[in-house]
Amino acid sequence: MVSADMSIQEEKCMKEEGATIDDVEAFRAAKMPETRVQKCYYGCIFQALGYLDAEGKRFNSEGFLKTTLPMAANNEKHTQGVHRLAKQCEGVANEDRCELGEDLMACLKDRG
């Protein structure tokens, strides 16, 4: 069952990765993924948001900034924080998009 307030990306990734609404809620709450399905869901969402490169193997700081800076607009402290996060997570990469989903969430949580 898909919630009416679920984004197109969430719905797509949920179906693609076999995720449940609990997996979606875990991502929304910025919890670390605990299962392979959650890791794959996180990787899918990060890629859909533009946080990963086209191959889904590396953090894309440019895509991250494009998505997150508008949310930080008019708040210099938040804008600086977004730039700091992009720089600190710059080297996050993994051949496995699912593992990269976990790695990136860890970077964003640890440094955010």
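1. A contact here means heavy atoms within 4.5 Å.

2. A word on the ground rules. This is a predicted model, in which local features need pLDDT of at least 70 and side-chain atom pairs count only at pLDDT 80 or more, while totals for chains, interfaces and linings use all residues. Residues are numbered from 1 along each chain as its sequence is written, and side-chain values use heavy atoms, with hydrogens and water left out.

3. Cys89 also turns up in the core. A nonpolar core is a set of buried Ala, Val, Leu, Ile, Met, Phe, Trp, Tyr and Cys residues joined through side-chain atoms within 4.5 Å; buried means under 20% relative accessible area, exposed over 50%, and partly exposed in between (1.4 Å probe, protein chains only). The largest such core has 28 residues, and those with the most contacts inside it are Tyr41, Phe46, Phe64, Cys89 and Leu104. At least two residues of this core come from each of helices H1 (8-17), H2 (21-28), H3 (36-48), H4 (61-72), H5 (76-88) and H6 (97-111). Helices (H or I, at least four residues) are DSSP runs, numbered from the N terminus.

4. Next, the aromatic rings. Rings of Phe, Tyr and Trp (its six-membered ring) pair if their centres lie within 6.5 Å; planes under 30 degrees apart count as stacked, over 60 as edge-to-face and the rest as tilted. By this rule the count comes to seven aromatic pairs. The rings of Tyr41 and Tyr42 have centres 6.4 Å apart and planes at 70°, so they form an edge-to-face pair. Phe46 and Tyr51, in turn, are stacked, at 5.7 Å centre to centre with 20° between the planes. Tyr41 is buried at 0% relative accessible area, and Tyr42 is buried at 0% too. Phe46 is buried at 2% and Tyr51 at 8%. Ring pairs link Phe27, Tyr41, Tyr42, Phe46, Tyr51, Phe59 and Phe64 into a cluster.

5. What lines the largest pocket? On a 1 Å grid over the protein atoms alone, a pocket is an open set of points where a 1.4 Å probe fits, with protein on both sides within 12 Å along at least five of seven lines; lining residues have an atom within 4 Å of a point. The lining consists of Phe27, Ala30, Phe46, Leu49, Tyr51, Met105, Leu108 and Lys109. H6 gives the largest share, three residues.

6. Lys109 deserves a look of its own. Lys109 sits in helix H6 and is partly exposed, with a relative accessible area of 41%. Not counting residues up to four places away in sequence, Lys109 touches Ala30, Lys31 and Met32. Lys109 and Ala30 are 79 residues apart in sequence but 7.6 Å apart in space, C-alpha to C-alpha.

7. Finally, please check two backbone angles. Most residues other than glycine have a negative phi. Ala30, in the loop between H2 and H3, has a positive phi near 60°, and Ala30 is partly exposed at 29% relative accessibility. Asn74, in the loop between H4 and H5, also has a positive phi, near 65°, and is exposed, with a relative accessible area of 87%.
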